[in-house]
Amino acid sequence: MCLPRWDLILNLQKKIILIDSFKYNKKAIRPITLIVDFVINHEGIEHYVDIKGFATDVSKIKYKMLRYQLKDNPKTDVIWLYSKKAIYQFLINLKE
């Protein structure tokens, strides 16, 4: 299977801080982070892409938090791909 070529900027394994670290009752609380597989910048839109077979309760919450952080930026898209066919279709849709 051969994919078409086009210009895009691709970042692999991007770490996103959802909640910063902080102190509570003099104890350090670690940040909540999410690592997405790819961040693709294509035609002015930043696509946050993760490939997972199934959603866990933790991953559902983290993705909800990411969408909340990005809610005021219409030039972003959060995508969860779950199969080889879905990945291929996403790449074809980027080209179109």
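## A hairpin to start with

Let's begin at the turn between β4 and β5: these two strands make a hairpin with 2 residues between them, and glutamate 43 in that turn has a positive phi of about 55°. This is a predicted model, so please read every value here as computed from its coordinates.

## From β5 across to β6

Strand β5 also pairs with β6, this time in the parallel sense and over 6 bridges. Within this part of the model, aspartate 50 stands opposite tryptophan 80 of β6.

## Helix α2 and what lies against it

Helix α2 covers residues 84-95, which makes 12 residues. From its first C-alpha to its last the helix reaches 17 Å, close to the 16 Å expected at 1.5 Å a residue.

Which residues of α2 are buried? They are Ala86, Phe90, Leu91, Ile92 and Leu94. The buried residues of α2 pack against β4 (32-42), β5 (45-51) and β6 (76-81).

## Phenylalanine 90 up close

Phenylalanine 90 is found in helix α2 and has a relative accessible area of 10%, so it counts as buried. Leaving out neighbours within four places in sequence, phenylalanine 90 is in contact with Ile40, His47, Val49, Ile79 and Leu81.

Phenylalanine 90 and valine 49 are 41 residues apart along the chain, and their C-alpha atoms are separated by 9.7 Å.

## Two salt bridges

How many salt bridges does a search of the whole structure find? The search finds 2. As a reminder, side chains of opposite charge can pair when their charged atoms come close.

One of them links aspartate 50 with lysine 52, where the closest N and O atoms are 3.2 Å apart. Is aspartate 50 buried or exposed? Aspartate 50 has a relative accessible area of 0%, so it is buried, while lysine 52 is partly exposed at 31%. This is the aspartate that stands opposite tryptophan 80 in β6.

In the other, the side chains of lysine 71 and aspartate 72 meet with an N to O distance of 3.5 Å. Aspartate 72 is exposed, with a relative accessible area of 66%, and lysine 71 counts as partly exposed at 48%.

## A nonpolar patch on the surface

Turning to the surface, Ile19, Phe22, Tyr24, Ile29 and Ile32 form a nonpolar patch there, and together they have about 430 Å² of accessible area. Isoleucine 19 belongs to strand β1, which covers residues 9-19. Its relative accessible area is 35%, so isoleucine 19 is partly exposed.

What does isoleucine 19 touch, not counting residues up to four places away in sequence? The residues are Pro31, Ile32 and Met65, and Ile32 is itself part of the patch. For a sense of distance across the model, isoleucine 19 and valine 78 are 59 residues apart in sequence and 18 Å apart in space, C-alpha to C-alpha.

Methods. Residues numbered from 1 in each chain as written. Predicted model: local features only at pLDDT ≥ 70, side-chain atom pairs only at ≥ 80, totals over all residues. Heavy atoms only, no water. Salt bridge = Lys/Arg side-chain N within 4 Å of Asp/Glu carboxyl O. Buried < 20%, exposed > 50% of the residue type's maximum accessible area, 1.4 Å probe, protein only. Patch = residues over 30% accessible without salt bridge, like charges linked within 9 Å, V, L, I, M, F, W, Y side chains within 5 Å. Areas by Shrake-Rupley, 256 points an atom, 1.4 Å probe, with all protein chains shown as cover. Helix = DSSP H or I, 4+ residues; strand = E, 2+ residues; numbered from the N terminus. Expected span 1.5 Å × (residues − 1). Contact = heavy atoms within 4.5 Å. Pairing = 2+ DSSP bridges.
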